[in-house]
Amino acid sequence: MLDETVPVIENRSLTGGHFLLSLDAPRQAPGVRPGQFAMVRILGRSDVLLRRPMSIFDVKTAAGAKSGSPNKVAAARILQLLYKIVGRGTRLMADLKPGDKVGLLAPLGHGFFEEEYLPRAHASDEILQVAGGIGIAALMLPAKQLADAGFRQRLFFGGRTKDDLVGLSEFKPLVRGMLLATENGSVGYRGYVTRPLEDYLTKHSDKKFLLMACGPGAMLRATVELAKRFRHPCLVSMENRMGCGVGVCLGCSIRVQGTGHDAYQRVCTEGPVFWSDKIVWETEKKLGIKE
Ligand SMILES: Cc1cc2nc3c(=O)[nH]c(=O)nc-3n(C[C@H](O)[C@H](O)[C@H](O)COP(=O)(O)OP(=O)(O)OC[C@H]3O[C@@H](n4cnc5c(N)ncnc54)[C@H](O)[C@@H]3O)c2cc1C
Ligand code: FES
């Protein structure tokens, strides 16, 4: 993990207030593992002191290069973040222009493919990626690594409207199929994405799946319930609010199975990826970290 000041190469505006930020980070990009995140600092703003956590969407060898598959990570120098404007920090990020600089603390956290995860992937007939909105950003690099290794995958992607379904063109070549859902019915199933997921799990109840999910709390909870009901293992990438991102402030702690000190883990250091059955969902803390 390195704390660097890096230049913006591109900050591309997408639909629905989403942006794809490409940073020239030759010392950080090569060390990225799928599922890790970065902390971004907006420089020169005393009103936005805290860094903002962002999943590492992709790493590439050069500007305009085809998406870098993780086996080319060693040669990567461009680190990409896919983000949505929700408040002050992300609004300022949207103003970034090529040549501007940001503080980048990366890569952080444990990724999706620590050794313990892979045997469960091998034991599955198919891996189901379940994304809600900007949660897609955490699943892109893992999906790439799995596609490279020949795993069969399917994407379930939900958003409020079709404008929330960003990154689809990048995901499409990695998966056998995509099931889309929007709350307003502008694309795919009208409603929550967990409904087509439930239908799929019901239809293929003889199959073994590994679920990998990232998105808003309610969607994650519903996905985890389905995984439990159909007895499939499920990995979740948590997006709790963060203060430091490096394990010091404890602001991102969640309740997990265990007692005493073992009953809490930090999303930034022990996560952001957890087995869903490790998390004590009903008592998950929501800390209001204020600047
Ligand atoms: C590990 C991790 C990975 C993330 N990856 C991405 C990503 O790839 N792309 C992306 O767009 N966002 C991602 N987020 C969420 C992102 O960090 C927040 O949206 C961002 O910090 C908001 O900053 P802001 O100053 O714009 O908003 P603020 O002014 O701080 O808050 C505006 C609103 O957003 C809500 N908010 C702030 N932080 C979060 C959060 N972590 N989760 C849910 N709601 C929040 C606040 O409650 C408030 O309602 C990630 C968060 C974590 C912890
Ligand atoms: S954000 Fe500070 S300990 Fe996790």
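Helices (H or I, at least four residues) and strands (E, at least two) are taken as DSSP runs and numbered from the N terminus. The structure is a predicted model, in which local features need pLDDT of at least 70 and side-chain atom pairs count only at pLDDT 80 or more, whereas totals for chains, interfaces and linings use all residues. Residues are numbered from 1 along each chain as its sequence is written, and chains are lettered from A and ligands numbered from 1 in the order in which they are written.

The protein chain is divided into domain 1 (2-108) and domain 2 (118-283), with bounds that come from an automatic or database domain assignment. The C-alpha centres of the two domains lie 22 Å apart, and 24 residues of domain 1 are in contact with 23 residues of domain 2, contact being counted where C-beta atoms, placed from the backbone, lie within 7 Å. On the side of domain 1 that touches domain 2, two or more residues are given by each of strand S3 (37-42), S4, S6 and strand S7 (101-108), and the largest share, 3 residues, comes from S6.

Both domains also give residues to the shell around ligand 1, so the ligand lies between them. Of the 20 residues around ligand 1, those that come nearest are Tyr 83, Gly 87, Gly 89, Thr 90 and Ala 137, a residue being near if its C-beta atom, placed from the backbone, lies within 6 Å. At least two residues of this shell are supplied by each of strand S4 (52-55), strand S6 (78-84) and helix H1 (88-94), and S4 provides the largest share, 4 residues.

Conventions: Two residues are in contact if their C-beta atoms, placed from the backbone, lie within 7 Å.
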